[in-house]
Structure formats: C-alpha cells, structure tokens
Amino acid sequence: MNEPTHKYDDIIHLPHPVSRKHPRMSAWNRAAQFSPFAALTGHSDAIQETERLTDEWIELEEDQKTRLNEQLQILREHLPSQPQVEITFFKPDEKKSGGAYVTVQGRVKRLDEYRRRILFTDGTAVALWQISSIQGELF
C-alpha cells in the first residue's frame, strides 16, 4: 500500500540540490540562454540601407553656372562684412551612389580658393562644385 501512485511522488518533496562547486546562475544569465539568436547579424540593417532613397546630382546649365560665378564674385567683394547667405548644395552619400540636396544658412567667413570651398563662421564648409544655388541679402 505504500507504493507511489504517481511516477515522482517519492522525490517531489525532497529539497532542491545545491552545488558546492558551481555558484547559482542569475536570472539574467538563465534568460540569456533562451534569447533569440540572430544568425544573419546586420541583415536587417543592409535591407534598410538598400531601401533608403538618394537623389541624383543634377548638372547645372551654363547660364546657372554663370549666375553662380557672378554671385561668388559679389560674395568675394563683401567678405569683410561676413554676409548672411543661404546655400543649397548636393551632399554625396557616403554609403551608396547619389546623395541629398541640403540647405545651410549662415554668415560667410571666407572663400578658400585653394580648396575651392566656402567657409561659414560656424565652421561649416561647402565645396564650390556642390553648390546649386545661393540666396542672400546681396543678390
């Protein structure tokens, strides 16, 4: 009559064994054992990068280039007063072909003839070849 009625009735009320060699694992480490494994690490980032759209650089017409050159000459003449301008330029993408048209505003500090760029008082630099338009109080 003392036979167990269920398979584990003989051990169900025994104390939980505790190892003297191995410390008890924290709940955080136990949970980490069952966390999902990302076999394709970076795959979702690559997909998002492919989905990201970029603009294509638009070559300026000759009359637009002439107008920009005239504006740069006017800017050069008024550099001591650090004129306020708004420049729209093409910023190439670092990871894929194309880029984006960006507009910056600020006071022009100088024209760097050697590196062919415009420097603003806040440290921003814009390469002359990237400029698509210049707006400001002088024009």
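Visitor: How many aromatic pairs does a search of the whole structure find?
Guide: Keep in mind that this is a predicted model. Searching the whole structure for aromatic pairs gives a total of 2.

Visitor: Are the rings of W57 and W129 stacked or edge-to-face?
Guide: Let's look at the angle. Planes over 60 degrees apart count as edge-to-face. The ring centres of W57 and W129 are 6.1 Å apart and their planes sit at 75 degrees, so this pair is edge-to-face.

Visitor: How many residues apart in sequence are the parts that the pair of W57 and W129 ties together?
Guide: W57 is in the loop between α2 (43-51) and α3 (62-77). W129 is in the loop between β4 (125-127) and β5 (131-136), so the parts tied together are apart in sequence by 72 residues.

Visitor: Is W129 buried or exposed?
Guide: The cut-off for exposed is over 50% relative accessible area. W57, at 39%, counts as partly exposed. W129 has 52% relative accessibility, so it counts as exposed.

Visitor: Which element gives the largest share of the lining of the largest pocket?
Guide: This pocket holds about 330 Å³ of space. Its lining has 14 residues, and nearest its centre lie N69, L72, R116, L128 and W129. The largest share, 6 residues, comes from α3.

Visitor: How many charged residues are in the lining of the second largest pocket?
Guide: The volume here is about 170 Å³. Among the lining residues are H16, P17, R24 and R30. Arg counts as charged, while Pro counts as nonpolar. By class, the lining has 5 nonpolar and 4 polar residues, and the number of charged ones is 2.

Terms used: Residues are numbered from 1 along each chain as its sequence is written. This is a predicted model: local features need pLDDT of at least 70, side-chain atom pairs count only at pLDDT 80 or more; totals for chains, interfaces and linings use all residues. Side-chain values use heavy atoms; hydrogens and water are left out. Rings of Phe, Tyr and Trp (its six-membered ring) pair if their centres lie within 6.5 Å; planes under 30 degrees apart count as stacked, over 60 as edge-to-face and the rest as tilted. Helices (H or I, at least four residues) and strands (E, at least two) are DSSP runs, numbered from the N terminus. Buried means under 20% relative accessible area, exposed over 50%, partly exposed in between (1.4 Å probe, protein chains only). On a 1 Å grid over the protein atoms alone, a cavity is a set of points where a 1.4 Å probe fits but cannot get out, and a pocket is an open set with protein on both sides within 12 Å along at least five of seven lines; lining residues have an atom within 4 Å of a point. Grid points are joined across faces, edges and corners, and a volume is the space filled by probe spheres set on the points.
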